[in-house]
Amino acid sequence: MPEDELTALLTLNRINGLGPTGAKFLYGQFGSALEIFRSRDHLKEIIPGVDSRLIEALDGCGYDSFIREELEFIERHGIRCVTPVDPEYPARMLDLSDSPLVLFSLGNVNYNASRTVAVVGTRKATEYGRRMCHTFIKELQELCPDVTVVSGLAYGIDVESHKSALECGIPTLGVLAHGLDMLYPNAHRNIAKQMLTQGGLVTEYMSRTKPLGSNFVRRNRIIAGLADAVIVVESAAKSGSLVTAEIAGSYNRECFAFPGSVGDPYSVGCNELIRDNRASLITSASDFVDAMNWRIKGNSGKALQKELFPQLTGEEERVYNRIRLKAQGVLISTLITELNIPFPRLSSILFSLEMQGLIKQTPGSLCKPC
């Protein structure tokens, strides 16, 4: 049996067929990976109906040479590992049912930047798409200097977004579909090296994991999960960026798209997202910042709130003022990150605000003003 938590998590990662949702469920039931292995003989009693193949897999897992070599690789290359119990773990992903139990990173990665935007799109970017990408990120940096840009380091819009962020001095995170012992595509190696000092590379995959097609689909959920909003710049009718947009919607993230010419094959996806109300239309960073209520505002509203709701404590007022700025709601994980309030205390504050009829909590850990 594994002897420490990281070894247990890496071992759990190697169980074929378990998947991120199953692993997260088990982790939630037992509170740690080590406890999963310790309780494997009683798994059927604790989780009725559990597949016996899982119990056999847990019984067969040991501290094998692969895990030992992986731990050595992590230490040798200075790879940072974060798990759900670490304060550095992305708070935006804590409540997601399929969030990874381990994230590996290289560089200066801040998972909990106050504002994070995912910019994605087709691998066959046109001149229009590249221009939109560069213009948007340049304007965004001027309006929100503290923003972080996330993408997938793929060809096309992904790498253009990373390049633009680097040029503008914005931290940028590249989410990979393979281990940190390689880089795909290799053509982006120089960009990736620059990102290590201004952001970094992130993956849920251990070394020796090849960039298989299915890994890119799983990777897209991390791109969406790390961000407050997903922006699709260009997309064909079938594209990985549309998958990211769909996942973003399931995570209650905001989704935006740049419109394109009717009939343009690399604007079809964006136009359909807008037509079907799965994404809001934007034509500039200003549109986006307004939609997200990210513009710097004065303090006039604060005095009004004190007058209208004198019964609110200071922390309650802070939380309510953040929620009331966004009619479509704010994720609990976002409140934890932005307001730096621990979840147990935030939960109590939200309950109080709900009892006073000021907010309502909806499925998906979303808080909305009443």
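Q: How much space lies in the largest cavity?
A: This is a predicted model, where local features need pLDDT of at least 70, side-chain atom pairs count only at pLDDT 80 or more, and totals for chains, interfaces and linings use all residues. Residues are numbered from 1 along each chain as its sequence is written, and side-chain values use heavy atoms, leaving out hydrogens and water. A cavity is a set of points on a 1 Å grid over the protein atoms alone where a 1.4 Å probe fits but cannot get out; its volume is the space filled by probe spheres set on points joined across faces, edges and corners. For the largest cavity that space is about 110 Å³.

Q: Which residues that line the largest cavity are closest to its centre?
A: Lining residues have an atom within 4 Å of a point. The largest cavity has 14 of them, and the closest to its centre are Asp228, Lys326, Gly329, Leu331 and Thr334.

Q: Which elements give two or more residues to the lining of the largest cavity?
A: Elements are DSSP runs numbered from the N terminus: helices (H or I, at least four residues) and strands (E, at least two). Those that give two or more residues here are strand S10 (330–331) and helix H16 (332–339).

Q: Which element gives the largest share of the lining of the second largest pocket?
A: A pocket is an open set of points with protein on both sides within 12 Å along at least five of seven lines. Helices H1 (5–13), H2 (19–30) and H10 (213–226) each give two or more residues to the lining. The largest share, four residues, comes from H10.

Q: How are H1 and H6 oriented to each other?
A: The axes of H1 and H6 (residues 65–76) lie 10 Å apart, at an angle of about 120°. Roughly parallel means under 35 degrees, roughly antiparallel over 145, roughly perpendicular 65 to 115, and oblique the rest. H1 and H6 are therefore oblique.

Q: Which residues in H13 does H7 meet?
A: H7 (residues 127–143) and H13 (residues 285–292) pack at about 50°, with axes 8 Å apart, and that makes H7 oblique to H13. Contact means heavy atoms within 4.5 Å. From H7, the residues that take part are Phe136, Glu139, Leu140 and Leu143. In H13 they meet Ala285, Ser286, Phe288 and Val289.

Definitions and conventions. Axes are lines fitted to C-alpha atoms, for helices over the stretch in contact, and angles run from 0 to 180 degrees between N-to-C directions.
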